[in-house]
Amino acid sequence: MAYCKVTNGQADYYTLGLLRREHPEVNELDEITTEAMAQYDVYPVIEDEPPEFDQDTECLEEQYDFVTQEWHKVWVVMEKSQEELAERAIEQAKLDRRQAEEQGVVWEHWYFDTTHDSQARHSGAVTAISQGMRDGGVWKCAEVVDGKLHTVFVELTNAELLEVSTVIHDWVQDCFMAEANTVMKIEAGDLTASFYAELELITG
């Protein structure tokens, strides 16, 4: 059960816990009845079902209405402000970038993972090469067989691994540049700006 407290005709969210803290004498009652709550301007609330709305352009605001001698919590569909729309668009660009960044890259005919963990492993391998600690070896990747990815272990020279790491680095940088361009356009007022459209402009 939800409750509200009415002050000067204005109803606001309230709980029985707040009632007990603000009015300790209430704890001495065997039962907190509707009549007892009314002495403190606290009333039960009937919660109406929220309506359907477009989460991209609209939001819900709650308000309390006194209808047929009962308080109802009702929902009002509001248009999002330009600032709210921009914030959502920027957050979507971030999510799109993260998804694209980690989708992987293809070198020769092999598929290499580009999650943050995999990027860290490639960075470690590049460091090992630069310090003379690696002289070839195998690398875990995947290849497409019958339309599905299958894990394989490929022998890569240092030069080949550096090529792979460069491809991954360039892809990740392209993703961040696309996000940066998208955010710049959104902040300039273009709410139609799209991460994937910007990425296409960069990568062709």
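Helices and strands here are DSSP runs, numbered from the N terminus. The model is predicted.

**Overall form**

The protein has six helices and nine strands. Its radius of gyration is 29 Å, whereas a compact globule of 204 residues would have one near 17 Å. The C-alpha trace spans about 80 × 40 × 35 Å along its principal axes. Of the 204 residues, 33% count as buried.

**Positive phi outside glycine**

Asn8 is not a glycine, yet its phi is positive, at about 55 degrees. This residue lies in the loop between strand S1 (2-7) and strand S2 (10-14). Asn8 counts as exposed because its relative accessibility is 82%, and exposed means over 50%.

Asp41 is not a glycine either, and has a positive phi of about 60 degrees. Its loop runs between helix H2 (34-38) and strand S3 (42-47). Asp41 has 37% relative accessibility, so it counts as partly exposed.

| Residue | Phi | Relative accessibility |
|---|---|---|
| Asn8 | about 55 degrees | 82% |
| Asp41 | about 60 degrees | 37% |

**A negative patch**

Which residues form the negative surface patch? They are Glu61, Glu83, Glu84 and Glu87. Helix H3 (residues 82-101) gives the most to this patch, with three residues. Glu61 sits in strand S4 (residues 58-67). Glu61 has 42% relative accessibility and therefore counts as partly exposed. Patch residues need over 30% relative accessible area.

How values were computed:
Residues are numbered from 1 along each chain as its sequence is written. This is a predicted model: local features need pLDDT of at least 70, side-chain atom pairs count only at pLDDT 80 or more; totals for chains, interfaces and linings use all residues. Side-chain values use heavy atoms; hydrogens and water are left out. Patches are made of residues with over 30% relative accessible area and no salt bridge: like charges are joined within 9 Å, nonpolar side chains (Val, Leu, Ile, Met, Phe, Trp, Tyr) within 5 Å. Accessible areas come from the Shrake-Rupley method with a 1.4 Å probe; for residues, only the protein chains shown count as cover. A salt bridge is a side-chain nitrogen of Lys or Arg within 4 Å of a carboxyl oxygen of Asp or Glu. Lys and Arg count as positive and Asp and Glu as negative; His and the chain ends are not counted. The place of a charge is taken as NZ of Lys, CZ of Arg, CG of Asp or CD of Glu. Helices (H or I, at least four residues) and strands (E, at least two) are DSSP runs, numbered from the N terminus. Buried means under 20% relative accessible area, exposed over 50%, partly exposed in between (1.4 Å probe, protein chains only). The radius of gyration is taken over C-alpha atoms; the globule rule is 2.2 Å times the number of residues to the power 0.38.
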